[in-house]
Amino acid sequence: MAGWEWSQYSGKEISMSAITKADRERFELFKEIGCIACVIEGEYRDQDRRGTPADVHHRLNGYRAGHQQTMPLCPWHHRGIPPMDMGDWQARIVFGPSKAHEPKTFSDWYGSDIELQARTDWELKQLIEQHTKGGTDND
């Protein structure tokens with residue numbers, strides 16, 4: 001697996017396009033949004049306007065979709081890695097279902113990948129507008 005250029009899906013490696021400047025900008029803004037499932041849960045941003053640290057999750061449509069079809073998910077919601085010194089059951093109670101452990105429950109709870117991408121895109125639009133106006137809510 002070579003960086004962002006390859007994906008493992010159903011035992012078959014498929015090529016992914018190189019990351020563009022627009023992709024990098026999207027991923028950089030994910031740091032401000034944080035995990036979209038945590039946003040839905042009400043775990044918004046800290047005082048430094050940083051969201052819950054998140055992985056980049058690519059939508060799966062029978063294959064791994066492109067870099068613009070992505071959303072931020074924290075390690076718990078994305079890969080089922082519990083935070084801090086919690087076990088899986090504790091993380092489940094505190095943070096809700098993990099996509100890795102309970103994909104159907106995760107989708108029922110937070111929405112499909114398409115719905116989560118739509119929410120992510122809406123959050124990105126709000127951030128870009130806020131940046132364009134030259135400020136944040138903390139100004």
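**Labels and what backs them**

Me: What puts Phe27 and Phe30 about one helical turn apart?
Reply: Phe27 and Phe30 are three residues apart in helix 1, which covers residues 21-33, so about one helical turn separates them. A helix here is a DSSP run of H or I with at least four residues, a strand is a run of E with at least two, and each kind is numbered from the N terminus. Before we go on, this is a predicted model, where local features need pLDDT of at least 70 and side-chain atom pairs count only at pLDDT 80 or more, while totals for chains, interfaces and linings use all residues. Residues are numbered from 1 along each chain as its sequence is written, and side-chain values use heavy atoms, leaving out hydrogens and water.

Me: Why is Phe27 called buried?
Reply: The relative accessible area of Phe27 is 13%. Buried means under 20%, exposed over 50%, and partly exposed in between, using a 1.4 Å probe and protein chains only. Phe27 therefore counts as buried. Phe30, at 4%, is buried too.

Me: What makes the rings of Trp109 and Tyr110 a tilted pair?
Reply: Their centres are 6.1 Å apart and their planes meet at 40 degrees. Rings of Phe, Tyr and Trp (its six-membered ring) pair if their centres lie within 6.5 Å; planes under 30 degrees apart count as stacked, over 60 as edge-to-face, and the rest as tilted. The distance passes and the angle falls in the remaining range, so the pair is tilted.

Me: How many aromatic pairs does the whole structure have?
Reply: The search finds three. Among them is Phe27 with Phe30, at 5.8 Å centre to centre and 45 degrees between the planes, which makes it tilted. Ring pairs also link Phe106, Trp109 and Tyr110 into a cluster.

Me: Where does Trp109 lie, and which residues is Trp109 in contact with?
Reply: Trp109 lies in helix 5, residues 103-110. Leaving aside neighbours within four places in sequence, Trp109 is in contact (heavy atoms within 4.5 Å) with Glu41, Arg92, Gly96 and Pro97. Pro97 is 12 residues away in sequence, with 7.7 Å between the C-alpha atoms of Trp109 and Pro97.

Me: How do you know that Thr120 is buried?
Reply: The relative accessibility of Thr120 is 0%, so Thr120 counts as buried. Thr120 lies in helix 6, residues 113-132. Beyond the neighbours within four places in sequence, Thr120 is in contact with Arg26, Phe30, Ile33, Ile36, Thr70, Met71 and Pro72.

Me: What about Leu124: buried or exposed?
Reply: Leu124 has a relative accessible area of 6%, so Leu124 is buried. Leu124 is placed in helix 6. Setting aside neighbours within four places in sequence, Leu124 is in contact with Arg26, Leu29, Phe30 and Ile33. Leu124 and Arg26 are 98 residues apart along the chain, yet their C-alpha atoms are separated by 7.8 Å.

Me: Why is Met84 called exposed?
Reply: Met84 has 68% relative accessibility, so Met84 counts as exposed. Met84 sits in the loop between helix 3 (75-79) and helix 4 (88-95). The phi of Met84 is near 50 degrees, a positive value in a residue other than glycine. Most residues other than glycine have a negative phi.

Me: Can we zoom out now? How many helices and strands does the chain have?
Reply: The chain has six helices and four strands, following the pattern β-β-α-α-β-β-α-α-α-α along the sequence. Of its 139 residues, 37% count as buried. Among contacts with a separation of 6 or more, 48% come from residues 24 or more positions apart.
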